[in-house]
Amino acid sequence: MRFYSLMLTATLAACLSSCAGKPQSDTSLKTSFAATMPSAPGLKATDPVALSPVAWVRPRNPAGLAGRDIEVSSLEDIALANKEVVLSFDDGPVPGKTESILATLDEFGVKATFLMVGEMAQAHPAIARKVAAAGHSIGSHTFSHPNLRAIAFDRALAEVSKGTNAVAKATDTDVSFFRFPYLADSPRLRHLLGDRGMVIMDVQIDSKDYFKDAPAVVASRTMEAIRHRGSGIILMHDIHRRTASMLPALLTQLKAEGYKVVHLVHKKPAAKTMLLASLTH
Ligand SMILES: [Zn+2]
């Protein structure tokens with residue numbers, strides 16, 4: 001019995017660290033990463049370049065990656081054009097790693113969406129506030145990161161509310177975005193949260209940064225997925241050192257290939273605002 005309990009604990013720990021929890025099936029990942037190499041004339045941005053320390057050199061002028069702001073009241077409002085991406089970070093905040101990611105985003109002048117776990121925000125409120133103060137969009141990711149599909153509806157709803165309240169308290173700001181842990185949603189929960197004005201953040205490009213790969217492998221894999229799809233919401237995690245390490249190279253490459261990082265700005269749905277106004281008068 002104890003053995004099975006240990007097994008369950010280990011499995012849960014592995015799941016928690018993997019968030020989306022999908023098995024890694026692509027074993028043919030390229031380990032090269034096309035870098036911005038101003039010293040290599042004639043080299044196209046998309047040419048495969050063997051990963052070298054040069055790939056990790058910060059550009060002299062990192063500006064130009066920031067795209068437009070999109071006002072969103074629901075997921076349907078996130079209509080991305082070709083070469084537009086949204087950066088999203090789940091599971092934090094954590095000391096060191098989240099701050100490193102904030103510094104990189106600031107260096108490139110781009111905004112991301114942070115889907116915080118309630119108990120993490122509660123444990124590290126100063127970092128949570130720093131994320132919000134930097135102008136990034138704030139969302140919640142439940143209180144303790146359970147699989148909401150695997151628990152009773154009422155418990156799932158309580159987890160969402162507790163998580164959202166904890167993140168709102170820690171960041172002292174509106175929490176309008178939500179992402180399901182392990183992307184394990186249910187139509188009933190989606191519908192209810194949508195009715196409450198939450199924007200459910202789905203994922204179109206999974207960095208799979210929860211696998212214990214080298215930062216360069218994560219950057220390469222993510223870049224390949226972005227090129228394949230052309231645009232989309234990118235899932236990353238600010239709890240991993242490898243994610244913080246690879247982010248400058250990923251953003252450098254995105255800029256070199258003409259991508260724009262779009263900033264999602266939550267906007268209260270007009271109908272609901274009107275309804276609220278009529279109720280208060
Ligand atoms: Zn997660």
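**First stop: a loop with positive phi values**

Select Tyr182, which is partly exposed, with 19 other C-beta atoms within 10 Å. The model is a predicted one. Tyr182 lies in the loop between β5 (177-178) and α6 (187-195), and its phi is positive, about 60°, although the residue is not a glycine. Next select Leu183, which is found in the loop between β5 and α6. Leu183 is likewise a residue other than glycine with a positive phi, in this case near 55°. It counts as partly exposed, with 18 C-beta neighbours inside 10 Å.

**Second stop: a cis peptide bond**

Move to Gly92 and Pro93, and display the backbone: the peptide bond from Gly92 to Pro93 is cis, with omega near 0°. Pro93 belongs to the loop between β2 (84-90) and α2.

Select helix α2 (residues 97-108) together with α4; their axes come within 10 Å and cross at roughly 15°. The two helices are therefore roughly parallel to each other. Their crossing is left-handed. To see the contact, show Thr98, Glu99 and Leu102 of α2 and Ile127, Lys130 and Val131 of α4. These residues divide into 3 nonpolar, 1 polar and 2 charged.

On α4, the contact is made by Pro125, Ala128, Arg129, Val131 and Ala132, and on α5 by Val167, Ala170 and Thr171. By class, the contact of α4 with α5 has 6 nonpolar, 1 polar and 1 charged residues.

Centre the view on Val167. Which residues does Val167 contact, leaving aside its neighbours within four places in sequence? They are Met116, Gly118, Ala121, Ala128, Ile138, Ser140 and Val175. Val167 is also among the residues with the most contacts inside the largest nonpolar core, along with Val85, Met116 and Ile234. That core has 61 residues, and helix α8 (residues 241-256) gives the most to it, with 7 residues.

**Last stop: the whole chain**

Finally, zoom out to the protein chain, whose secondary structure comes to 9 helices and 9 strands. Of its 281 residues, 40% count as buried. Among contacts with a separation of 6 or more, 78% are between residues 24 or more positions apart.

Key
Residues are numbered from 1 along each chain as its sequence is written. This is a predicted model: local features need pLDDT of at least 70, side-chain atom pairs count only at pLDDT 80 or more; totals for chains, interfaces and linings use all residues. Two residues are in contact if their C-beta atoms, placed from the backbone, lie within 7 Å. Helices (H or I, at least four residues) and strands (E, at least two) are DSSP runs, numbered from the N terminus. Ala, Val, Leu, Ile, Met, Phe, Trp, Tyr, Cys and Pro count as nonpolar, Asp, Glu, Lys and Arg as charged, and the others, Gly among them, as polar. A nonpolar core is a set of buried Ala, Val, Leu, Ile, Met, Phe, Trp, Tyr and Cys residues joined through C-beta atoms within 7 Å. A residue is buried if 20 or more other C-beta atoms lie within 10 Å of its own, exposed if 12 or fewer, and partly exposed in between; C-beta atoms are placed from the backbone. Axes are lines fitted to C-alpha atoms, for helices over the stretch in contact, and angles run from 0 to 180 degrees between N-to-C directions. Angles under 35 degrees count as roughly parallel, over 145 as roughly antiparallel, 65 to 115 as roughly perpendicular and the rest as oblique. A crossing is left-handed if the near helix is turned anticlockwise from the far one by less than a right angle, and right-handed if clockwise.
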